[in-house]
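Thank you all for coming; I would like to walk you through one structure this morning. Please have the sequence and the model open while I talk.

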Amino acid sequence: MAWRGYRYEGVLLYFWLYISTAKVPPRSADDALIYLQARNRNAAHQISGYLHRENGYYVQYIEGPKIALDRLKRLIRRDWRHENVRALAEGRVQARRFSGWDMAFTNEETSSFRAYRTVFGGEPDISKASAKEILEFMDETALSGKARSVADVA
Ligand SMILES: Cc1cc2nc3c(=O)[nH]c(=O)nc-3n(C[C@H](O)[C@H](O)[C@H](O)COP(=O)(O)O)c2cc1C
């Protein structure tokens with residue numbers, strides 16, 4: 001019998017968490033287009049995730065099958081709308097963290113990392129925060145319903 005440890009949906013799942021410096025203004029058409037592209041592509045490629053923008057940084061968590069994830073990582077790394085893409089964490093996941101989210105998204109107005117950390121402690125500057133601190137924030141905001149699915153903005 002085939003070994004089936006850590007399998008989900010019949011394929012192994014991987015994730016990538018990074019931070020980058022935004023080059024397009026917040027709430028601009030260029031910024032909005034990122035979310036629309038994510039919605040259009042992610043569902044078709046079995047990618048789910050979370051994108052947050054704060055203080056001129058994007059932090060994004062994406063997860064999915066390896067081939068689709070690697071392809072998306074390449075697209076994102078060379079996207080002109082941001083720079084200094086730096087990985088904070090990556091690896092295997094046993095189950096999706098943001099199942100049901102083509103791409104959840106928040107910004108400092110809808111849900112501020114700094115405000116969250118001021119209440120709960122830890123590093124308030126998102127550019128200095130650890131992967132664990134960022135993921136806790138994402139988990140919390142997605143579960144509390146503060147994150148929006150891109151489907152909500154269409
Ligand atoms: C911060 C950031 C996050 C992005 N996230 C995604 C994403 O989750 N999914 C996606 O397909 N494209 C995402 N993109 C866009 C890709 O880099 C790329 O432009 C897009 O996938 C190409 O789509 P197209 O082939 O339909 O033109 C993101 C871009 C940036 C700058």
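**Overall shape and confidence**

For a chain of 154 residues, a compact globule would have a radius of gyration near 15 Å, and this chain has 15 Å, which agrees; the radius is taken over C-alpha atoms, and the globule rule is 2.2 Å times the number of residues to the power 0.38. Please keep in mind that this is a predicted model, in which local features need pLDDT of at least 70 and side-chain atom pairs count only at pLDDT 80 or more, while totals for chains, interfaces and linings use all residues. Residues are numbered from 1 along each chain as its sequence is written.

The average pLDDT, which is the predictor's confidence in each residue on a scale from 0 to 100, is 90 for the chain, and 91% of the residues score at least 70. Over residues 1–8, however, pLDDT stays under 50, and for that stretch the model has seven contacts beyond four places in sequence, where a contact means that two C-beta atoms, placed from the backbone, lie within 7 Å. Of the chain's contacts with a separation of 6 or more, 79% are between residues 24 or more positions apart.

**The elements and the sheet**

The chain has four helices and six strands, and from the N terminus on they run β-α-β-β-α-β-β-α-α-β. Helices (H or I, at least four residues) and strands (E, at least two) are DSSP runs, numbered from the N terminus.

Two strands are said to pair if DSSP finds at least two bridges between them.

On one side, β2 and β3 pair in the antiparallel sense over seven bridges, with S48 standing opposite E63 in β3. These two strands form a hairpin with two residues between them, and N55 in the turn has a positive phi of about 55°. Strand β2 also pairs with β5, in the parallel sense and over four bridges, and there the bridge partner of Y50 is A104. Strand β5 (residues 104–107) is in turn joined to β6 by two bridges, and that pair runs antiparallel, with A104 opposite S149 in β6.

Is β2 buried or exposed? Seven of its seven residues are buried, so β2 is largely enclosed by the rest of the structure. Here a residue is buried if 20 or more other C-beta atoms lie within 10 Å of its own, exposed if 12 or fewer, and partly exposed in between, with C-beta atoms placed from the backbone. In a regular strand the side chains alternate between the two faces of the sheet. Both faces of β2 are covered, with S48, Y50, H52 and E54 buried on one side and G49, L51 and R53 buried on the other. Across the whole chain, buried residues make up 30% of the 154 residues.

**The ligand shell**

Which residues are closest to the ligand? The ligand is surrounded by 17 residues, and the closest are A38, R41, Y58, D79 and R81; a residue is near a molecule or strand if its C-beta atom, placed from the backbone, lies within 6 Å of it. At least two residues of the shell come from each of α1 (29–42), β2 (48–54), β3 (57–65) and α2 (66–77), and α1 gives the most, with five residues. By class, the shell has nine nonpolar, five polar and three charged residues. Ala, Val, Leu, Ile, Met, Phe, Trp, Tyr, Cys and Pro count as nonpolar, Asp, Glu, Lys and Arg as charged, and the others, Gly among them, as polar.

A142 is found in helix α4 (residues 131–143), and it is buried, with 21 other C-beta atoms within 10 Å. Leaving aside residues up to four places away in sequence, A142 touches Y50, F98, W101, A104 and A147.

R27, in the loop between β1 (13–22) and α1, has a phi near 60°, a positive value in a residue other than glycine. R27 counts as exposed, with 10 C-beta neighbours inside 10 Å.

N84 is found in strand β4, and although N84 is not a glycine, it has a positive phi of about 50°. N84 too is exposed, with 12 other C-beta atoms within 10 Å.
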